[in-house]
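The following note concerns how the chains are arranged and how they meet.

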Amino acid sequence: MFQEIINNVREKLPLVHNITNYVTVNDCANIVLACGGAPIMADDIGEVEQITSICTSLVINIGTLNERTIKSMFAAGKKANELSHPTVLDPVGAGASTLRTNTALSLVKEVKFSVIRGNISEIKCIANEAAKTKGVEADEGDLVGSDNLDETVALAKRLSAQTEAVIAITGPIDIVANSQKAYIIKNGHPMMSKITGAGCMLSSLIGAFCGANSENLLAATAAAVCAMGICGEIAYEKAVQSGGGTSSFRMHLIDAMSNLDAATLGGGAKIEIR
Amino acid sequence: MFQEIINNVREKLPLVHNITNYVTVNDCANIVLACGGAPIMADDIGEVEQITSICTSLVINIGTLNERTIKSMFAAGKKANELSHPTVLDPVGAGASTLRTNTALSLVKEVKFSVIRGNISEIKCIANEAAKTKGVEADEGDLVGSDNLDETVALAKRLSAQTEAVIAITGPIDIVANSQKAYIIKNGHPMMSKITGAGCMLSSLIGAFCGANSENLLAATAAAVCAMGICGEIAYEKAVQSGGGTSSFRMHLIDAMSNLDAATLGGGAKIEIR
Amino acid sequence: MFQEIINNVREKLPLVHNITNYVTVNDCANIVLACGGAPIMADDIGEVEQITSICTSLVINIGTLNERTIKSMFAAGKKANELSHPTVLDPVGAGASTLRTNTALSLVKEVKFSVIRGNISEIKCIANEAAKTKGVEADEGDLVGSDNLDETVALAKRLSAQTEAVIAITGPIDIVANSQKAYIIKNGHPMMSKITGAGCMLSSLIGAFCGANSENLLAATAAAVCAMGICGEIAYEKAVQSGGGTSSFRMHLIDAMSNLDAATLGGGAKIEIR
């Protein structure tokens, strides 16, 4: 299954519109190219709808959001919805400031996302609020706050039921879920948290994978998460071998994606389905 | 000839003002430093004219243009013209949105560029419109649309005649032309299209080469295109040797530029003149 | 002393708010992670005060300042002062344009910085003006303009007395001083000036070091400058060994920071105190 998904990326060359942050944008562009897609970064309100229209998918990342680009995120998201393009949200730092929390929550309300990917804190931030707006009580909120795996899987499924988006919660263990089914993914390496952009790159990668597999968003997202994790494992081995550190690791990570073949992805995936 | 050109860059340390995109800006700054120049990135309307004034050349790249920076592009471009500084346009994505197309065309109308560098689609976008505004018919437009080498050389020469800019069309084969003379350049490697920024880096490199060779813009542009291509060839060899991928390639590309000597440039250039 | 300082960084995991430029922002984030801190980049006026509040220190870098982000710099700086957070200024290009000079001078007037780090030209720009506003005569101004080490140490101490900030002047020889005491630091390698961002990375690194050592800002700043210099020395060795160039050097520099242990920092520091 995952092999077919990555082969589709290489064959269909999905064009991914990214409205993203200026910290990791170069890595995001390079990982999309490395997996076989093509990136376009464009954030001016005067062109985002048109750029989204010529692409196969849209990734919205709020990492360095500002008043100007927030407007562009909503405009592009709505256009992508009109065109039924796969649309990915990366709510970077939701919970860290009111602006980020409110922007993420408003985006989730006004745009129908295909995938929402974040770390557990970001996803909880979105889930708690989404819950509140649906009248779910405080205790429920507390439960969602637990970092227990079972409970986090339940959170992911519940948030997916509320939003109709595939939910990807990434960290030491990754969860990719819709309302019915969850992939528990144990690929990756801790060094991924020692470079900036591992999460942002994954969101853009999901944009490429979903762009080429729009009929199968859950599996496409899980495949992207596995692919990133496997590349992290390969990169760690290479960085250690060469006596390198975090910057070598980052280079080897993108290298590994550009060299990743379907067999390595299929064989290396450490997944469990619930 | 090319040897003298690169030696001038190393001796004169040209200061290059870049108004460019946030995707590849770091690579652009590093390639300018690698070739022997010095980059300044500045895009606020409150300083662009002054920054241009202290520099030797200006590069305008519309890769992530926005309403604010577009104004700065015009202001800087006009100031560079007043001072007769070499001025390079990289019309990234012209043709992909109305905003990009209109901005590129207006820039070409209101600023006299020394060099316009783009891929064939971007250059055609500019050429077709330039033709229209000069009353050239649709058939002419179609002819310009051909991807045949002879026709593309003709397109480059014609666009140069119209704009008085050196035209650099880069791709598997590169063409650098003024209205009278064209260099056909066969350096480079396909992996250059698998990283973001190869084109942007080249435009900034042209800014440095032209800044140090303002009396010889056609040859300076051709030398920069050859230098980039030769570094791509070296980088590909190094990436393959180390079992690397696209990110290794990117590193080796900038490395090669920082190590490029005049003899390697002179000896490695694969050029034909028409 | 320096060993304790870097150990504090690794133990306290300081969260560093960076309002910085889009050229070197990725390197700044990665160097903060490499040294053991965590970076947040946020520049919208709607969130900068809140982001600063959750961080341990603030770094303001004017490398690609614009009208919008200048306002955010002042707001964040004032909030950091309210909260007594260590606050670092990198006046990139002060002196190159009126906008940069005026912004840097106004920031120094309205925000109390813990550390101001720049090259000699940037620091002179700030010092001359600060002097003028205090009625210091022209001759004094000329003296400050000398590049003699003794005079530069005197400049650093005088500017520190005026601003109450630790002054870090970096270049072939680095000076880190308060009004009473100066560290002369002879670590580093000339190749650091052949990549973009060595200075910006150092400013963000100082933010992390001061965030974890707020009771000892002078030594924390000197330790960060030494750490960066030692990593530059290591990186140069590695780049040469592998036949690499400036981009390899950049990678090895961040690698070295991620691998730097307290003993290497303590043993490698080439310092003299005046």
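1. In this predicted model, the copies meet through different surfaces, because only 14% of the interface residues of chain C are also interface residues in chain B.

2. The contact between these two chains draws 22 residues from chain C and 23 residues from chain B. On the side of chain C that touches chain B, the elements giving two or more residues are α5 (98-110) and α11 (246-259) of chain C. Of these, α11(C) supplies the largest share, with 4 residues.

3. The geometric relation between the two chains is as follows. Chain C is superposed on chain B by a rotation of 120°, with 0.0 Å of shift along the axis and an RMSD of 0.0 Å. Within chain C, Y22(C) has the C-alpha nearest the axis, at 3.5 Å from it.

4. Superposing chain A on chain B takes a rotation of 120° with 0.0 Å of shift along its axis, and the RMSD is 0.0 Å. Chains A and B are therefore related as by a three-fold rotation axis. In chain A the C-alpha nearest the axis belongs to Y22(A), which lies 3.5 Å from it.

5. The surfaces used by chains A and B remain to be compared. Of the contact residues of chain A, 13% recur in chain B, and these copies use different surfaces.

How values were computed:
Residues numbered from 1 in each chain as written. Chains lettered and ligands numbered in written order. Predicted model: local features only at pLDDT ≥ 70, side-chain atom pairs only at ≥ 80, totals over all residues. Least-squares fit on C-alpha atoms with pLDDT ≥ 70 in both. Contact = placed C-beta atoms within 7 Å.
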